[in-house]
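The sequence and structure are shown first.

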Amino acid sequence: MTSIGDIELRSIVKFCVALEKSPTETMKMINSTGKYKKCSPATVYRWHACFKEGNNSIEDDPRCGRQYVVACSIKDSVKDSADDLV
């Protein structure tokens with residue numbers, strides 16, 4: 001699943017591509033905020049290339065063989081377990 005931080009970063013990179021900024025300029029802008037210090041240059045370059053090629057999605061692409069885990073509340077789990085006992 002895509003985290004909120006990843007979506008924010010991808011949006012920033014997508015915006016920089018639209019402004020015709022280079023990957024290096026984009027990385028400098030991201031680092032100047034201080035919020036995204038953990039973002040690697042390789043990641044920014046990869047996303048920059050994807051958006052420049054025309055990929056407009058900021059979400060992760062579905063992957064073959066990986067299942068999504070849906071988190072449920074403890075209350076729902078207890079309720080389901082109690083229903084199984086009856």
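## Salt bridge

In this predicted model, the count comes to one salt bridge. The pair joins the side chains of Lys 35 and Glu 8, with a distance of 3.3 Å from N to O. Because Lys 35 lies in the loop between α2 and α3 while Glu 8 belongs to helix α1, the pair ties together parts that are 27 residues apart in sequence.

The two partners can also be described by their accessibility. Lys 35 counts as exposed, at 57% relative accessibility, whereas Glu 8 is partly exposed, with a relative accessible area of 29%. As a general point, side chains of opposite charge can pair when their charged atoms come close.

## Nonpolar core

Which residues make up the largest nonpolar core? This core has ten residues, namely Leu 9, Val 13, Val 17, Met 27, Ile 30, Tyr 36, Cys 39, Val 44, Trp 47 and Phe 51. Two or more residues are given to this core by each of the elements α1 (4-18), α2 (23-33) and α3 (41-52). In soluble globular proteins, nonpolar side chains tend to be buried together.

Trp 47, a member of this core, touches Asp 6, Leu 9, Arg 10 and Val 13 when residues up to four places away in sequence are not counted. Among these contacts, Leu 9 and Val 13 are themselves listed in the core.

## Cysteines

The count of disulfides comes to zero. Cys 39, which is part of the core, has a relative accessible area of 12% and is therefore buried, since the limit for that class is under 20%. Cys 50 counts as partly exposed, at 31% relative accessibility.

Is Thr 26 buried or exposed? Thr 26 has its place in helix α2 and is buried, with a relative accessible area of 0%. Leaving aside residues up to four places away in sequence, Thr 26 touches Val 13, Cys 16, Lys 21, Val 44 and His 48.

Terms used: Residues are numbered from 1 along each chain as its sequence is written. This is a predicted model: local features need pLDDT of at least 70, side-chain atom pairs count only at pLDDT 80 or more; totals for chains, interfaces and linings use all residues. Side-chain values use heavy atoms; hydrogens and water are left out. A nonpolar core is a set of buried Ala, Val, Leu, Ile, Met, Phe, Trp, Tyr and Cys residues joined through side-chain atoms within 4.5 Å. Buried means under 20% relative accessible area, exposed over 50%, partly exposed in between (1.4 Å probe, protein chains only). Helices (H or I, at least four residues) and strands (E, at least two) are DSSP runs, numbered from the N terminus. Contact means heavy atoms within 4.5 Å. A disulfide is a pair of cysteine sulfur atoms within 2.5 Å. A salt bridge is a side-chain nitrogen of Lys or Arg within 4 Å of a carboxyl oxygen of Asp or Glu.
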